[in-house]
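Trainee: I would like to go through this model and ask about its packing. Please show it first.

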Amino acid sequence: MMEFTGDVDFDNILNKCVEILKVKGEDYTLGTGRRTHNFHTVAEFTGMTPEQVLGVYLYKHVSSLFSYIKSGGQRESEPIEERLCDIINYCLLCSKLISEKKQSS
């Protein structure tokens, strides 16, 4: 386990985020090595921008977080920690999309 912050709880969630990024990253790059590949292909298919696609995906997880908060944690189809990791990772992926856009302009 990597130590990022010196806080065990923060480090646990950040390590889980990194693990998810590695595992899901392989699935979504489809062998291209480009972490944002999925957003670009879905954007092309739907006529949206890659950022808009990411926003839709992120919204799903944020909506689940608000449901968790509103219900006091009573309605949980998957562990909230996984949703939090997904939200953090989508923020990282958004940063990557922004970086790619700046590099291409």
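Trainee: What do the buried residues of H3 pack against?

Mentor: This is a predicted model. In H3 (50-70), the buried residues are Pro-50, Val-53, Leu-54, His-61 and Leu-65. What these residues pack against is H2 and H4.

Trainee: Which element gives the most to the largest nonpolar core?

Mentor: That core has seven residues: Phe-39, Ala-43, Val-53, Leu-54, Tyr-90, Leu-93 and Leu-97. Helices H2 (37-46), H3 (50-70) and H4 (80-104) each give two or more residues to this core. The element that gives the most, with three residues, is H4.

Trainee: Which residues does Leu-97 touch, leaving out those up to four places away in sequence?

Mentor: Leu-97 belongs to the largest nonpolar core. Contact here requires heavy atoms within 4.5 Å. With that cut-off, Leu-97 touches Thr-36, Phe-39, His-40, Pro-50, Glu-51 and Leu-54.

Trainee: What covers the buried residues of H2?

Mentor: The buried residues in H2 are His-37, Asn-38, Phe-39 and Ala-43. Among them, Phe-39 and Ala-43 are also part of the largest nonpolar core. The cover over the buried residues of H2 includes H1 (8-29), H3 and H4.

Trainee: How far apart are the end C-alpha atoms of H3?

Mentor: H3 has 21 residues, and at 1.5 Å a residue it should span 30 Å. The distance between its end C-alpha atoms agrees with that expectation, at 30 Å.

Trainee: Which residue with positive phi follows H3?

Mentor: H2 is followed by Gly-47, with a positive phi near 80°. After H3, the residue has a positive phi near 70°, and it is Gly-72.

Note on methods:
Residues are numbered from 1 along each chain as its sequence is written. This is a predicted model: local features need pLDDT of at least 70, side-chain atom pairs count only at pLDDT 80 or more; totals for chains, interfaces and linings use all residues. Side-chain values use heavy atoms; hydrogens and water are left out. A nonpolar core is a set of buried Ala, Val, Leu, Ile, Met, Phe, Trp, Tyr and Cys residues joined through side-chain atoms within 4.5 Å. Buried means under 20% relative accessible area, exposed over 50%, partly exposed in between (1.4 Å probe, protein chains only). Helices (H or I, at least four residues) and strands (E, at least two) are DSSP runs, numbered from the N terminus. The expected span of a helix is 1.5 Å times one less than its number of residues.
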